[in-house]
Amino acid sequence: MHNNSPSSTSNVIPPHTSSIMPLYRRSLCQLGRECSRHSLIQSRFVTRKPLLPFRLCQRRHISCSGTKLNSQSPDEILSAFANLDHSRVKRAGFPEAVFGQGKTPSQIHLILDSMANNVNEMIDAASESDGIVNSASTAIIATRIDKSVYDEVLEIGPFKNGIMQYHETAKILSVRANALNDVNGNERTDLQFSTTQKSVVVACAGTTDLPVAEEAALTLSLSGIQVTRVYDCGVAGLHRILTALPKLRDPSVGCVLVCAGMDGALPSVVGGLVDVPVVAIPTSVGYGVSLGGISALLTMLNSCSPGVGVVNVDNGFGGAVWAMKCLR
């Protein structure tokens with residue numbers, strides 16, 4: 001049975017209000033000029049809150065449905081898209097790193113700040129005991145960060161738990177945890193850092209291999225490993241690698257990383273000249289049938305020099321972590 005009483009609910013706009021609706025619409029257009037993007041819901045004269053632009057949503061941590069997330073803690077927001085492995089350094093000897101490619105600036109910002117907070121807590125705990133900190137455990141690294149992405153991360157605002165630094169050639173965004181500095185911003189002197197005494201040489205065949213070589217070199221140095229760089233020493237001029245032999249054979253060197261594209265022959269040459277492990281990193285540099293680094297990869301896998309291991313194409317980070325495990 002239909003209820004026709006005055007108190008019944010109806011979705012029909014009363015006839016006497018229909019004349020004011022065009023004026024109502026024009027007012028909204030004049031004030032907001034957003035009618036082309038946001039729908040006006042005419043249900044008993046209640047309008048839905050206009051949506052914010054996507055970039056503004058990211059900066060304010062507001063969902064694009066208009067629902068505020070400010071009531072949630074950063075950890076709650078973070079858990080919606082990431083499950084960080086803060087204990088990895090204890091199991092594997094190196095902390096979790098962020099592969100930045102494909103992540104939004106807001107995600108990168110939240111993840112790195114959470115990592116910095118974890119390092120702060122670890123350092124505070126060490127300060128209350130023996131004051132010894134594993135150097136590798138303080139490395140907070142995001143790889144494959146384009147300059148445009150870094151600019152957007154920077155625009156979101158400073159980190160609460162650390163200070164960010166961008167390394168453009170390597171496309172690495174690193175963070176230094178606040179607890180590593182004293183109240184005046186200077187490096188603390190009451191902490192002792194445990195690290196290997198061995199160093200690593202990072203060599204690359206050509207200047208175009210530099211981004212991969214720098215990804216490896218910075219990963220090592222940010223982990224407290226001393227790095228010696230030997231760049232532009234490819235096999236097209238063998239005298240260059242021979243000139244670098246004193247650096248390659250220094251008694252302090254525990255591993256050599258070699259980055260090369262094109263024919264990928266340099267790791268085999270280095271492998272026949274040194275008595276330490278050689279980590280070969282193929283790069284995607286080359287013409288035509290270099291196939292984006294696959295030809296260099298196959299050359300390295302088929303190296304006749306013993307003691308040469310190979311990582312994936314352009315994987316400077318992976319090569320660096322392998323080198324650190326060799327040093328152990």
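Colleague: Before we start, what is pLDDT?
Modeller: pLDDT is the predictor's confidence in each residue, from 0 to 100. We need it here, as this is a predicted model.

Colleague: OK, what does the protein chain average?
Modeller: The protein chain averages a pLDDT of 81. At least 70 is the score for 77% of the residues.

Colleague: Where is confidence lowest, and where is it highest?
Modeller: Helix α2, residues 54-60, is lowest, with a mean of 41. Strand β10, residues 278-282, is highest, at 97. Also, pLDDT is below 50 over residues 1-69. That stretch has 49 contacts in the model beyond near neighbours in sequence.

Colleague: New topic. In what order do the four strands of the open sheet come?
Modeller: The order is β1-β3-β5-β4, with mixed pairing. β1 (98-99) and β4 (162-167) are the edge strands, so each pairs on one side only.

Colleague: And how many bridges join β3 to β5?
Modeller: Two, and the strands run antiparallel. Ala142 stands opposite Leu173 in β5.

Colleague: Which helix lies across β3, β4 and β5?
Modeller: Helix α7, residues 210-222. It runs at about 5 degrees to β5.

Colleague: Now Thr138. Where is it?
Modeller: Thr138 sits in the loop between β2 (132-134) and β3.

Colleague: Buried or exposed?
Modeller: Thr138 is buried, because its relative accessibility is 11% and the cut-off for buried is under 20%.

Colleague: What does Thr138 touch?
Modeller: Leaving out residues up to four places away in sequence, its contacts include Val119, Met122, Val175 and Leu222. Separately, a polar atom of the Thr138 side chain lies 2.7 Å from the backbone oxygen of Ser135.

Definitions and conventions:
Residues are numbered from 1 along each chain as its sequence is written. This is a predicted model: local features need pLDDT of at least 70, side-chain atom pairs count only at pLDDT 80 or more; totals for chains, interfaces and linings use all residues. Side-chain values use heavy atoms; hydrogens and water are left out. Contact means heavy atoms within 4.5 Å. Axes are lines fitted to C-alpha atoms, for helices over the stretch in contact, and angles run from 0 to 180 degrees between N-to-C directions. Buried means under 20% relative accessible area, exposed over 50%, partly exposed in between (1.4 Å probe, protein chains only). A polar contact is a pair of N or O atoms within 3.5 Å; within protein, one must be able to donate a hydrogen and the other to accept it, and residues adjacent in sequence count only if both atoms are side-chain atoms.
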